[in-house]
Amino acid sequence: MASPAFPVAIIGSGNIGTDLMLKILRSDGPLSMAAMIGIDPASEGLARAKQLGVPTSSDGVDGLLALPGFDQIRLVFDATSAEAHLRHWEALRHNGVRVLDLTPAAVGPFCVPVVNLEDHIDSPNLNMVTCGGQATVPIVAAVNQVAPVSYAEIVSSISSRSAGPGTRANIDEFTETTATALQVVGGAQRGKAVIVLNPADPPILMRNTVYCLVEGDCDQVAIEASIAAMIERVQRYVPGYRLKQPVQFETFGPDNPLSIPETGKFIGTRITSLLQVTGAADYLPAYAGNLDIMTSAALATAKSIAAQTMAKAGV
Ligand SMILES: NC(=O)c1ccc[n+]([C@@H]2O[C@H](COP(=O)([O-])OP(=O)(O)OC[C@H]3O[C@@H](n4cnc5c(N)ncnc54)[C@H](O)[C@@H]3O)[C@@H](O)[C@H]2O)c1
């Protein structure tokens, strides 16, 4: 194995892992693909990796540890499932590699790069939340910068075809991890997340609805500007991320309170943002923006980790 600037490996040769590999190979460094690891020798992702000259193993994390040159790998992305990640972390945690977790296992602190990249950049295990979290937490954070969000609720719709078995096994983890990130990273006092796998054919683009409740009156112009600025920041790594409609504001007064199940009556403003994410079609076609929003966030985070690590080492 060559000794490039910042060699990385991916565990999980499915939808997310393959899209991420293609983005790394097409990017301008400093990351370089040192290994693609799976458990299914017949997987399309491992075949693509071999064709592209990337070392592979179908022996899972043990195969990664046994690869010649493993000691040169600086960072491992995990794109398998939340359950498998727990085992991978146990196997990797004492090997000195950084781990970026693209499953919703939530072992390490959450990272949504446009909101809190710097907060945990030194953490040995960073969790990239979920595709829905990467798409919606920035909007909640943008609203929360202007007015405290008492409740955030999001609905992410993705095409069934873009959700591999790993994603389908992690629906509960998706809802729990995304809801927690709406609070911990987005700043909402309470959060709720829903995912819809849509089997429509032709497949639908990734869509996200973000509801934020703000008590009392709020500065609508400032909230719109904050959301617009946040969208521009996300677009730097996912150009197809955009508002589908202008932000909507609805006010609820004492005469027409909003009734929320398990919470009661709300008086204030409901801010609704409708987002669409068109993918770069590196692996699956452009409808699968849910792959891009996750893999581009992970790539941006890994590049920052690499830059910081190399700067500290004087490279
Ligand atoms: N598809 C999405 O839109 C999306 C977006 C963000 C996050 N995620 C998360 O990413 C993960 C993967 O999702 P996916 O849609 O790519 O699923 P997938 O089923 O297409 O890919 C998972 C891959 O991991 C491999 N794998 C499973 N256990 C393994 C192990 N122990 N060692 C090595 N390889 C192993 C499988 O063989 C498969 O190739 C899930 O946790 C999901 O929640 C998915």
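Predicted model: local features only at pLDDT ≥ 70, side-chain atom pairs only at ≥ 80, totals over all residues.
To make the selection, take residues 6–128 together with 293–313 for domain 1, and residues 131–285 for domain 2, as the domain assignment of the protein gives them.

Next, show the place where the two domains touch, where 26 residues of domain 1 are in contact with 28 residues of domain 2. On the side that belongs to domain 1, select H1, helix H5 (113–116) and H10, each of which supplies at least two residues of the part that touches domain 2.

Now move to the ligand and display the shell around it, which holds 35 residues, the closest being Gly-12, Gly-14, Thr-103, Gly-164 and Gly-166. With the domain colours still on, you can see that the shell draws at least three residues from each of domain 1 and domain 2. Among the helices, select H1 (15–26), H4 (82–92), H7 (165–168) and H10 (289–312), because each of them supplies at least two residues of this shell, with helices taken as DSSP runs of at least four residues. Coloured by class, the shell around the ligand shows 15 nonpolar, 19 polar and 1 charged residues.

From there, turn to domain 2 (131–285) and select helix H6, residues 131–144, along with helix H9, residues 220–235, which pack at an angle of about 145 degrees with their axes 8 Å apart. Looking at the pair, you will find that H6 passes H9 in a right-handed crossing. Show side chains for Pro-138, Ile-139, Ala-141, Ala-142 and Val-143 of H6, and for Ile-223, Ser-226, Ile-227, Met-230 and Val-234 of H9, as these residues make the contact. Sorted by class, the residues of this contact of H6 with H9 divide into 9 nonpolar, 1 polar and no charged.

For the last stop, select residues 7–123, which an unreviewed UniProt entry lists as "domain: Semialdehyde dehydrogenase NAD-binding". In the model, the end C-alpha atoms of residues 7–123 lie 18 Å apart, and the span is 36% helix and 19% strand.

Key. Residues numbered from 1 in each chain as written. Near = placed C-beta within 6 Å. Nonpolar A, V, L, I, M, F, W, Y, C, P; charged D, E, K, R; others polar. Domains from an automatic or database assignment. Axes fitted to C-alpha atoms, helices over the stretch in contact; angles between N-to-C directions. Left-handed = near helix turned anticlockwise from the far one by under 90°. Contact = placed C-beta atoms within 7 Å. UniProt positions renumbered as here; feature names shortened; annotations may be inferred.
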